[in-house]
Amino acid sequence: MNKTLWSKNFTIIIVATMFGAIGNIAGEFALSFLVFEKTQSTFAAAILLAIRVIPSIIIPIFISPIMDKMPRKPFLVFGDFISGILYLIAGVWLLYSKFEYIYYLLFSLILASIRSVDELSYNSIYPKLIPEGMEEKGYSVSSMLYPTLMIIMMPLSAVLYKAIGVANIIIIQGFLCVVASIVENNIDIVETVSKDIKFSFSQWKNDLLEAIDYIKNEKGILAMTINTSVSGGMHTGYESILVAFFSSVSGFTMAMYSFFTVANFIGRSIGGILMYNYKLKNENKYSHALFVYLFYDVMDVILLWLSYPLMLINRGICGFLGIQSGTLRHAAIQKYIPDNMRARVNTFQAIVFLVFSSILSLFIGYLGEVLDYKMAMSIGGIICIIVCIFSIVLNKKDVSKIYLSK
């Protein structure tokens, strides 16, 4: 009997992810334009993104040592359910009250707290739901899912934003999160509970120190985390620049911005299909990933200087290569990390990513206030190139070891 990727558990997690992603795409699209529309400030939008880092750093630090010793499924189901309830409440609130920036900041803090637990549990349980030997196929599917939904939802979100308003979009988002939690509850997995669970400060400290020692001895993991965090942080900041650019520069519109997703989707789809059907040799993975990192950064540097048709081609090429390097990186790192340390190591990676996202979002948002939008994004891309050289190139031996793991 041929082994298939599409086992019961893998199918369930993909379906649940689909429901959650549909709501998040529509909701985040609507809210990002609402915030800029009400504040007319890229810096205000950047603060909104940056403030979410506070609970997303603190909560995983406390919860990850416990999660590594307990089943991850309850954390996953509970997180999506509570997020859905919060979105439903927020949507109803917006129906009958005017938008208040300070209230939305508070809502973002609460939601980020729940999401931090949900994302940590998802990243920890997902590798266990992929059949053995099909890790790259599994991550290629998850990498393609979001952009596939983006191509459908982004143009639709632009229409819904005008047709039914932000409040109703958020209510739909809340409903879909609840549905996702119900689907996830059907995951059939036996997870062991550690016999030495001790809810004490001493044990918590020792568990964290164990993870820190592991990361210190794994320079390849550290180098990949730093490079991805800087690049990802910059791209988080680029969102406020792009929203402002397409909202305020003559000749560009919000609808045109939504078609960035179309171009990226086409590229990612082609790249994802190649990843699903063709397995890259381990010895070639490092060089391929390095080329993509540098190429992507160069494309960011020149993006806003191009004509609109060339912008779309730019995003298409980046999508084609980006899904390949992302799939290889996720599969390699998650397979390399021991299961009993996955939540803690993922927490460290998430914290580094969130710190850089916060700092760099503010940095890029500030540049958008004092410089031309084109120049602000170009500076960000140049910084990413420099960081890639110092992290990935200068640590080639250690990074290659991650990609060579069986």
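Hi everyone. Some ground rules before we look. Residues are numbered from 1 along each chain as its sequence is written, and side-chain values use heavy atoms, with hydrogens and water left out. As this is a predicted model, local features need pLDDT of at least 70 and side-chain atom pairs count only at pLDDT 80 or more, while totals for chains, interfaces and linings use all residues.

Let's start with charge. Side chains of opposite charge can pair when their charged atoms come close. For a salt bridge, the rule here is a side-chain nitrogen of Lys or Arg within 4 Å of a carboxyl oxygen of Asp or Glu. How many salt bridges does that rule give? The count is three.

Take E210 and R344, whose closest N and O atoms are 2.9 Å apart. Helices here are DSSP runs of H or I with at least four residues, numbered from the N terminus.

Is R344 buried or exposed? Buried means under 20% relative accessible area, exposed over 50%, and partly exposed in between, using a 1.4 Å probe and protein chains only. R344 has 7% relative accessibility, so it counts as buried.

Next come K401 and E218, which meet in a salt bridge at 3.7 Å, N to O. This pair links distant parts of the chain, 183 residues apart, with K401 in helix α15 (residues 396-403). K401 is partly exposed at 38%, whereas E218 counts as buried at 13%.

Then we have R315 and D300, with closest N and O atoms 3.0 Å apart. R315 belongs to helix α12 (residues 308-336) and D300 to helix α11 (residues 282-302), so the pair ties together parts 15 residues apart in sequence. Both R315 and D300 are buried; for R315 the relative accessible area is 8%. Leaving aside residues up to four places away in sequence, R315 touches F260, A263, N264, Y296, M299, D300 and L303, where contact means heavy atoms within 4.5 Å.

Finally, the surface. F43, W305, Y366, V370, L371 and M375 form a nonpolar patch with about 570 Å² of accessible area together. Patch residues have over 30% relative accessible area and no salt bridge, and nonpolar side chains (Val, Leu, Ile, Met, Phe, Trp, Tyr) are joined within 5 Å. One of these, Y366, lies in helix α13 (residues 342-370) and counts as partly exposed at 49%.

Methods: Patches are made of residues with over 30% relative accessible area and no salt bridge: like charges are joined within 9 Å, nonpolar side chains (Val, Leu, Ile, Met, Phe, Trp, Tyr) within 5 Å. Accessible areas come from the Shrake-Rupley method with a 1.4 Å probe; for residues, only the protein chains shown count as cover. Helices (H or I, at least four residues) and strands (E, at least two) are DSSP runs, numbered from the N terminus.
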